Amino acid sequence: QVHLVESGGGLVQAGGSLRLSCAASGSIFSINAMGWYRQAPGKQRELVATITRAGSINYADSVKGRFTISRDNAKNTVYLQMSGLKSEDTAVYYCHADVQEARGYQYTGRWGQGTQVTVSL
């Protein structure tokens, strides 16, 4: 089995910063893309940022210039540095990874349990 465990969420004032981490563990041969998504109350889950194993990055327009995604392939970990936080960034943030469990197996998408980020005015 594969597990993704997020950490680093919490309560922060508008304009502040937080750093999220997500570590993948278990039966892992290779991980391709890793990323962060978020879901605010009453809204659909949306992409925040993704990063491939080779380092190609994609951001949602709403977070460009404020959030930075990075990863440590040796640790199977992805990070999200969030700065200039706004009230509209309040959401549950989910980690996602495309995981290959063994050589020749297909990559399958895995989700973490989510971590709450709350930005107060």
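Biologist: How many disulfides does a search of the whole structure find?

Modeller: This is a predicted model, where local features need pLDDT of at least 70, side-chain atom pairs count only at pLDDT 80 or more, and totals for chains, interfaces and linings use all residues. If a disulfide is a pair of cysteine sulfur atoms within 2.5 Å, the search of the whole structure finds one.

Biologist: Thanks! Which residue does the disulfide join to Cys-22?

Modeller: The S to S distance is 2.1 Å. The pair links distant parts of the chain, 73 residues apart, from strand β3 to strand β9; strands are DSSP runs (E, at least two residues), numbered from the N terminus. The partner of Cys-22 is Cys-95.

Biologist: And is that disulfide left-handed or right-handed?

Modeller: The torsion about the S-S bond of Cys-22 and Cys-95 tells us, at about -80°. The disulfide is therefore left-handed.

Biologist: Is Cys-95 buried or exposed?

Modeller: Buried means under 20% relative accessible area, exposed over 50%, and partly exposed in between (1.4 Å probe, protein chains only). Cys-22 has 0% relative accessibility and counts as buried. Cys-95 has a relative accessible area of 0%, so Cys-95 is buried.

Biologist: Which aromatic residue forms an edge-to-face pair with Tyr-37?

Modeller: Rings of Phe, Tyr and Trp (its six-membered ring) pair if their centres lie within 6.5 Å; planes under 30 degrees apart count as stacked, over 60 as edge-to-face and the rest as tilted. The structure holds two aromatic pairs. In the pair of Tyr-37, the centres are 5.1 Å apart with 70° between the planes, and the partner is Trp-111.

Biologist: Where does Trp-111 lie?

Modeller: The pair with Tyr-37 links distant parts of the chain, 74 residues apart. Tyr-37 sits in strand β4, and Trp-111 in strand β10 (residues 108-111).

Biologist: Which residues do the ring pairs link into a cluster?

Modeller: Trp-111, partly exposed with a relative accessible area of 40%, also pairs edge-to-face with Tyr-94, at 6.5 Å centre to centre and 90° between the planes. Tyr-94 lies in strand β9 and Trp-111 in strand β10, so this pair ties together parts 17 residues apart in sequence. Tyr-94 counts as buried at 14% relative accessibility. The cluster linked by ring pairs is Tyr-37, Tyr-94 and Trp-111.

Biologist: One last thing: with which residues is Gly-16 in contact, leaving aside its neighbours within four places in sequence?

Modeller: Gly-16 is placed in the loop between β2 (10-13) and β3, and counts as buried at 18% relative accessibility. Contact means heavy atoms within 4.5 Å. With those neighbours left aside, Gly-16 is in contact with Met-82, Ser-83, Gly-84 and Leu-85.

Terms used: Residues are numbered from 1 along each chain as its sequence is written. Side-chain values use heavy atoms; hydrogens and water are left out. Helices (H or I, at least four residues) and strands (E, at least two) are DSSP runs, numbered from the N terminus.
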